[in-house]
Each structure stands twice: as C-alpha cells, then as structure tokens.
Amino acid sequence: MLLYFIITCISCFLYINSIFYLKSLSCENDMKFLHQVLSLKTSLKTFSKLFKNHLWIGLLCEIYTRMSLMRKNLSSRVENVEENHEEEELSLMDLPELTLECILEKLPPSSLCQMANVCHSLRERCVSDYFWERQIKKKWSGVIGQAAYREWKWYVASKRDVKDLKHGKQKGLLMRYFSLLWPLQWMKVKVDDANDICKDSSSLPVDSVMNWYLAIENGSFWFPAQVYNRENGHIGFMLSCYDADLSYDSRTDTFQARYPAHGRRGEARECGIPWKRIRAPPVDNSPHDLYISDCLSDLHPGDHIEIQWRRNKEFPYGWWYGIVGHLESCHGNENSCRCHISDTVVLEFNHYTPGSRWRQTNINRKDHREEGNEADGFYGGIRKIESENEISIWKSMWPSEILD
C-alpha cells in the first residue's frame with residue numbers, strides 16, 4: 001500500500017506540474033506537449049491494472065520519460081527566449097553597410113547632424129562628403145554654380161592661411177606652457193565633442209562639404225549668384241538678371257544681396273529676396289566680360305534669348321530677356337519667312353511699348369561683338385534659352401504694366 005501511495009503522489013505531482021507549465025506556453029507551439037500530458041492522465045487510469053500485474057516498474061519508467069521530455073521542452077523554450085532577446089538588442093550599427101547608407105541618404109541635414117553626435121562610427125559616416133554633396137545638390141543646386149564653388153575654395157584657402165599664421169605665432173608659447181594647459185585642452189575637446197555639430201562646425205575640416213553647407217545655411221558665406229528684377233523690381237531692371245553676392249537668412253528663408261558699384265553709384269543692397277528670384281549663373285562668365293555667343297547661326301523668329309546689356313562700359317553686364325523677331329521686309333508668314341538666313345537678327349523686348357527705344361535692336365549674325373552707344377547702352381553676347389522651365393520663370397517676372 002505504501003508503494004501504491006508513493007507512486008500515486010508522484011503521478012499527481014507530475015500531472016499538476018504539467019498543467020502549470022502549460023499555462024506558460026503558447027497554444028500554437030505546444031499542442032504536442034499537451035497531447036503527451038493527456039496521455040499521462042490516461043495512463044493514471046490504468047495505474048491499478050499496472051500495479052496488480054506487478055508492472056509498476058514500467059509506470060515509473062514512463063513517468064521518468066515524461067519528466068525528461070518536459071525538461072527538454074523547457075530548456076528549448078528558454079533558449080528560444082534568449083535568442084529572441086538577443087535579436088531585439090540589435091543596434092543600428094548591426095545593419096548591413098548598404099542598408100545603413102540608404103537610411104542615412106534619406107535623412108535631412110538636421111537629422112544627419114544629430115546622428116553624427118551618437119557615436120564615433122556614425123560621426124565618421126554622417127560628416128562624410130558623400131552625404132553632404134547630396135544635401136548641397138538637393139537644396140542649393142539652383143543657386144550655386146561654378147563661381148560660388150571657386151569662391152568657396154578661395155574662402156577655404158584664406159581660412160587656412162589665417163589659421164597657419166596664428167599657429168606659427170602661438171607655437172612657441174604653447175610649447176612653453178603645454179604642461180599646464182593640456183588638461184584644459186583635453187576638457188575643451190570633450191565639451192566640443194558633446195556639442196551639436198550643426199551649431200559648432202569648428203571641429204570639422206575647413207574644406208569639408210558639410211562645412212560648406214553649414215556656412216551657406218547659417219549665412220556666414222557670401223556666394224556669387226544672380227538676381228531677377230533686382231532692387232525689389234526697380235522699373236529700370238524689369239526682366240533682367242544681375243550678378244550679386246548673396247547670403248542666406250534661414251530665419252526668413254530668404255536672401256540678401258550686395259550689388260557691385262555701378263560707375264559713380266555705390267554698392268546697393270537688397271533684403272528679403274525669395275528663392276524664385278535667385279538663380280545660379282547659366283554660363284561661367286564674369287559680368288565684366290563679353291560673352292562669346294555660340295548660337296547666332298541657329299536663331300529663328302520666336303526663339304527666346306538672353307542678351308548682355310550695360311548702361312556704359314564702366315558698368316557690369318546684366319542679362320535681359322527678349323525674343324527673336326521678324327525683319328521689316330518679312331510679313332511673319334512662316335511659309336515665306338527668310339529671316340533665319342539673313343545676316344541681320346531682330347531682337348524684341350516686348351515689355352516695352354511699341355516705339356520705345358528699348359523695344360527693339362538689331363545685331364549682325366556673322367560678326368556680332370558688343371554693339372551700342374552711350375545713349376542706348378551696349379548690347380553684348382547672346383544666349384539662346386532652350387529650357388521651358390527657364391522661359392516660364394522669365395514670363396513669371398513679366399511686369400504688370402507695359403513699360404515706356
């Protein structure tokens with residue numbers, strides 16, 4: 001009887017323990033184990049028969065087998081939990097290189113700056129020229145041209161010269177007091193590393209593209225570009241585009257311009273210029289130099305053009321919008337028009353009233369250089385406008401009233 005009681009207690013304990021274990025398992029993953037426990041319950045019903053037939057040893061073996069199976073399943077469950085926990089702890093740096101690069105490419109500049117302050121590895125990636133060249137192209141390509149790039153290179157060179165000069169003067173002093181100052185210098189480096197890199201770019205290489213982007217963004221770098229209808233659309237500059245030095249104001253998302261002095265007139269300034277009035281120079285040509293035209297033989301009536309014009313030879317050129325017109329001998333009939341083979345090309349500026357001295361001018365197709373006089377100004381090189389977008393921009397600048 002004692003043996004019967006012991007075996008019964010052990011069986012009941014295993015049965016109850018299996019029920020509690022079942023509660024901690026998901027139904028989907030442990031249906032097989034449930035079947036095994038139910039089988040154990042069924043075996044208890046045959047307990048008396050097993051005992052009477054002196055097969056209690058077989059029952060103990062069966063119980064031992066079920067206990068081993070439960071222990072094995074529990075161990076497997078713990079291992080799965082540990083593996084899942086390890087997967088959850090994967091960091092951003094564990095991503096494949098290409099995946100991480102794609103993520104960083106999608107980030108705006110402010111987020112790139114924040115990521116650069118996370119760790120050393122991300123900093124190296126986020127300040128690289130590769131990502132910031134994309135940011136320059138995305139935001140500034142419409143206003144930054146070759147002239148601005150040259151200006152930046154000159155700016156970098158001048159900064160290096162100043163830095164080298166200061167370093168040369170202070171080298172002896174720093175060497176003398178190095179033993180006293182090095183703890184403070186170490187503290188400064190630590191503080192700089194903790195600062196937001198977008199607010200303090202002094203730790204960046206002076207020639208880095210990120211440094212260039214931030215210099216434009218914070219307005220510390222003045223770059224050459226061109227402004228449509230300068231000086232708030234002054235009537236004397238309608239449908240023209242002039243070179244200027246520009247600085248960006250991030251607070252208002254506008255630009256301020258410094259126009260070079262014209263003859264006796266001093267430097268002019270303009271603030272609050274919207275993006276739509278700014279462009280990168282379409283040709284890499286100084287505003288004081290004649291542009292050598294390469295489109296004269298291809299000009300036809302109806303073509304859209306820009307032509308250099310200046311009041312006198314002390315002034316820089318501006319670019320003025322016009323169209324190619326018909327000769328007086330031509331009635332404008334497309335089937336009989338021969339204007340495109342004539343040596344004379346008629347240029348019309350239709351924002352001026354008919355009869356105005358600014359309404360029309362003629363140039364020589366084969367031998368065009370600067371033409372004009374002190375009364376009517378001087379006409380320079382011609383650029384044919386091929387882009388529909390450029391044409392639409394010029395038309396959007398059209399004055400509300402015809403000019404005299």
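**Helix packing, cores and strands**

Modeller: Helix α5 passes α8 in a right-handed crossing. The model is predicted.

Biologist: At what angle do α5 and α8 pack?

Modeller: Two packed helices are described by the angle between their axes and the distance between the axes. For α5 (residues 97-106) and α8, the axes are 10 Å apart. The angle between α5 and α8 is about 35°.

Biologist: Which residues of α8 does α5 meet?

Modeller: The contact of α5 with α8 divides into three nonpolar, no polar and three charged residues. On the α5 side stand E101, L104 and E105. In α8, they meet Y130, F131 and R134.

Biologist: How far apart are the axes of α8 and α11?

Modeller: Helix α8 covers residues 129-140, and helix α11 covers residues 209-217. Residues of α8 that meet α11 include W132, I136 and W140, and among those on the α11 side are W212, Y213 and I216. By class, this contact has eight nonpolar, one polar and four charged residues. The two helices pack at an angle of about 30°, and their axes are apart by 8 Å.

Biologist: Is A215 buried or exposed?

Modeller: A215 is found in helix α11. The cut-off for buried is under 20% relative accessible area. A215 has a relative accessible area of 7%, so A215 is buried.

Biologist: How far apart in space are A215 and W152, C-alpha to C-alpha?

Modeller: Leaving aside neighbours within four places in sequence, A215 is in contact with W152, S220 and F221. In sequence, A215 and W152 are 63 residues apart. In space, their C-alpha to C-alpha distance is 9.7 Å.

Biologist: Which residues have the most contacts inside the largest nonpolar core?

Modeller: The largest nonpolar core has 40 residues. Its largest share, seven residues, comes from α11. A second, separate core of 20 residues includes Y242, I305, L347 and L403. Inside the largest core, the residues with the most contacts are W140 and F223.

Biologist: How many of the five residues of strand β8 are buried?

Modeller: Strand β8 spans residues 344-348. Strand β8 is largely enclosed by the rest of the structure, because the number of its five residues that are buried is four.

Biologist: How many bridges join β8 to strand β9?

Modeller: Three bridges join strand β7 (residues 318-325) to β8, and these two run antiparallel. There, the bridge partner of I323 is E348 in β8. Strands β8 and β9 (residues 360-364) also run antiparallel, and V346 stands opposite N362 in β9. The number of bridges joining β8 to β9 is five.

Terms used. Residues are numbered from 1 along each chain as its sequence is written. This is a predicted model: local features need pLDDT of at least 70, side-chain atom pairs count only at pLDDT 80 or more; totals for chains, interfaces and linings use all residues. Side-chain values use heavy atoms; hydrogens and water are left out. Axes are lines fitted to C-alpha atoms, for helices over the stretch in contact, and angles run from 0 to 180 degrees between N-to-C directions. Contact means heavy atoms within 4.5 Å. Ala, Val, Leu, Ile, Met, Phe, Trp, Tyr, Cys and Pro count as nonpolar, Asp, Glu, Lys and Arg as charged, and the others, Gly among them, as polar. Buried means under 20% relative accessible area, exposed over 50%, partly exposed in between (1.4 Å probe, protein chains only). A nonpolar core is a set of buried Ala, Val, Leu, Ile, Met, Phe, Trp, Tyr and Cys residues joined through side-chain atoms within 4.5 Å. A crossing is left-handed if the near helix is turned anticlockwise from the far one by less than a right angle, and right-handed if clockwise. Two strands pair if DSSP finds at least two bridges between them.
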